[in-house]
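Subject: Structure handover

Hello,

Here is the structure for you to look at. Please open it alongside this message.

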Amino acid sequence: QVQLMESGGGLVQPGGSLRLSCAASGIMFSINAMSWYRQAPGKQRELVATISNNNIATYADPVKGRFIISRDNAKETLYLQVNSLKSEDTAVYFCNSFPPKNIWGQGTQVTVSS
């Protein structure tokens, strides 16, 4: 049974940082590429960053140079360090495999506002 539990979101001022975490189980974590996705109000869910099973990371253009994805296979945990946050980064952030399984966690809310 796939379980994905995101945490670490919050309210932060523009320019601030957060570290998001995702505890995964039942998803064969160590052999899958894993990704962070986000969904802003009124918009479709979008891919933010992906890390392969051999730690190759790729990023969507809007977050390149600001976000860093990483993984700990022993802990089956995915991370996203989000830096230099902008108001347009406000969204619910989700983790999943890449491509995603048809099961999603509750996500973690990131709100960037002064």
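Below are the overall layout, then the sheet, then the aromatic side chains.

Please note first that this is a predicted model.

Overall layout

The protein has ten strands and zero helices, and along the sequence it reads β-β-β-β-β-β-β-β-β-β. Its radius of gyration is 13 Å, close to the 13 Å that the globule rule gives for 114 residues, so the protein is as compact as a globular protein of that length. The C-alpha trace spans about 40 × 25 × 20 Å along its principal axes. Of the 114 residues, 43% count as buried. If we take the contacts between residues at least 6 apart in sequence, 54% of them join residues at least 24 apart.

The six-stranded sheet

Six strands form an open sheet in the order E2-E10-E9-E4-E5-E6, and the pairing is mixed. Strand E2 (10-12) and strand E6 (57-59) are at the edges; each has a single partner strand, so one side of each is left without a neighbour in the sheet. From one strand to the next, the twist averages 25°. Within this sheet, E4 pairs with strand E5 (residues 46-51) in the antiparallel sense, over five bridges. Tyr37 stands opposite Leu47 in E5, and Tyr37 comes up again below.

E1 and E3

Strand E1 (residues 3-7) and strand E3 (residues 18-25) run antiparallel and are joined by five bridges. Gln3 stands opposite Ser25 in E3. In a regular strand the side chains alternate between the two faces of the sheet. E1 has a covered face made of Leu4 and Glu6, while Gln3, Met5 and Ser7 are on the uncovered one.

Aromatic pairs

How many aromatic pairs are there? The count comes to two. In one of them, the ring centres of Tyr37 and Trp104 are 5.1 Å apart and the planes stand at 85°, so the pair is edge-to-face; the cut-off for that class is over 60 degrees. Tyr37 belongs to strand E4 (residues 34-39), whereas Trp104 is in the loop between strand E9 (91-97) and strand E10 (108-112), so this pair ties together parts that are 67 residues apart in sequence.

Are these two residues buried or exposed? Tyr37 is buried, with a relative accessible area of 6%. Trp104 has 28% relative accessibility and counts as partly exposed.

The other pair is Phe94 with Trp104: the ring centres are 5.9 Å apart and the planes are at 85°, so this pair is edge-to-face. Phe94 lies in strand E9 and Trp104 in the loop between E9 and E10, so the pair ties together parts that are ten residues apart in sequence. Phe94 is buried, at a relative accessible area of 7%. Through these ring pairs, Tyr37, Phe94 and Trp104 are linked into a cluster.

Charges over rings

Which residue has its charged end over the ring of Tyr79? That is Arg19, whose charged end sits 4.0 Å from the ring centre. Arg71 lies over the face of Phe29, at 4.7 Å from the centre of that ring.

Regards

Definitions and conventions: Residues are numbered from 1 along each chain as its sequence is written. This is a predicted model: local features need pLDDT of at least 70, side-chain atom pairs count only at pLDDT 80 or more; totals for chains, interfaces and linings use all residues. Side-chain values use heavy atoms; hydrogens and water are left out. Rings of Phe, Tyr and Trp (its six-membered ring) pair if their centres lie within 6.5 Å; planes under 30 degrees apart count as stacked, over 60 as edge-to-face and the rest as tilted. Helices (H or I, at least four residues) and strands (E, at least two) are DSSP runs, numbered from the N terminus. Buried means under 20% relative accessible area, exposed over 50%, partly exposed in between (1.4 Å probe, protein chains only). A charge sits over a ring if NZ of Lys or CZ of Arg is within 6 Å of the ring centre and within 35 degrees of the ring normal. Two strands pair if DSSP finds at least two bridges between them. Axes are lines fitted to C-alpha atoms, for helices over the stretch in contact, and angles run from 0 to 180 degrees between N-to-C directions. The radius of gyration is taken over C-alpha atoms; the globule rule is 2.2 Å times the number of residues to the power 0.38. Contact means heavy atoms within 4.5 Å.
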